[in-house]
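The following paragraphs lead the reader through one protein chain, from its overall build to a few individual residues.

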Amino acid sequence: MLPGFGEAMRAVSLKYVPTAILSRQVGVTRGASLILNLPGQPKAIKETLDGIFAAAPYCIDLIGGRISKRAGTIAVFRPKSALRIRT
């Protein structure tokens with residue numbers, strides 16, 4: 001379980017609907033995969049993903065997952081203390 005993802009997703013949803021506190025939004029890992037339980041409506045999914053997406057690539061990196069991406073499509077946030085020197 002990754003409680004921070006569920007808390008963040010509910011916080012985003014609370015900006016739009018007062019019943020978001022009742023949602024079952026969660027984030028979990030299984031092996032090297034990040035699994036997010038998102039809301040059911042397309043508009044709510046976009047709003048939620050906009051709120052947490054910056055953390056997802058770094059999380060996937062931490063659990064040893066892989067991200068396939070085109071240059072410039074995903075801006076990955078990494079804390080300065082976590083920057084790696086690649087050779």
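**Overall build and selected residues**

Of the chain's 87 residues, 26% are classed as buried, where buried means under 20% relative accessible area, exposed over 50%, and partly exposed in between (1.4 Å probe, protein chains only). This is a predicted model, in which local features need pLDDT of at least 70 and side-chain atom pairs count only at pLDDT 80 or more, while totals for chains, interfaces and linings use all residues. Residues are numbered from 1 along each chain as its sequence is written, and side-chain values use heavy atoms, with hydrogens and water left out.

The secondary structure consists of three helices and two strands, arranged along the sequence as α-β-β-α-α. Helices (H or I, at least four residues) and strands (E, at least two) are DSSP runs numbered from the N terminus. Among contacts in the chain with a separation of 6 or more, 42% involve residues 24 or more positions apart; contact means heavy atoms within 4.5 Å. The chain exposes about 6,500 Å², of which carbon and sulfur atoms supply 59%. Accessible areas come from the Shrake-Rupley method with a 1.4 Å probe, and for residues only the protein chains shown count as cover.

The two strands run antiparallel: five bridges join β1 (residues 26-30) to β2 (residues 33-37). Strands are taken to pair if DSSP finds at least two bridges between them. V26 has N37 in β2 as its bridge partner. Two residues lie between the strands of this hairpin, and G31 there takes a positive phi near 60 degrees.

Beyond its neighbours within four places in sequence, Q25 is in contact with G6, M9, R10, S13, N37, P39 and T48. With S13, the side chain of Q25 makes a side-chain polar contact of 3.3 Å. A polar contact is a pair of N or O atoms within 3.5 Å; within protein, one must be able to donate a hydrogen and the other to accept it, and residues adjacent in sequence count only if both atoms are side-chain atoms.

L14 belongs to helix α1 (residues 3-14). L14 counts as partly exposed because its relative accessibility is 42%. Not counting residues up to four places away in sequence, L14 touches A20 and I21.
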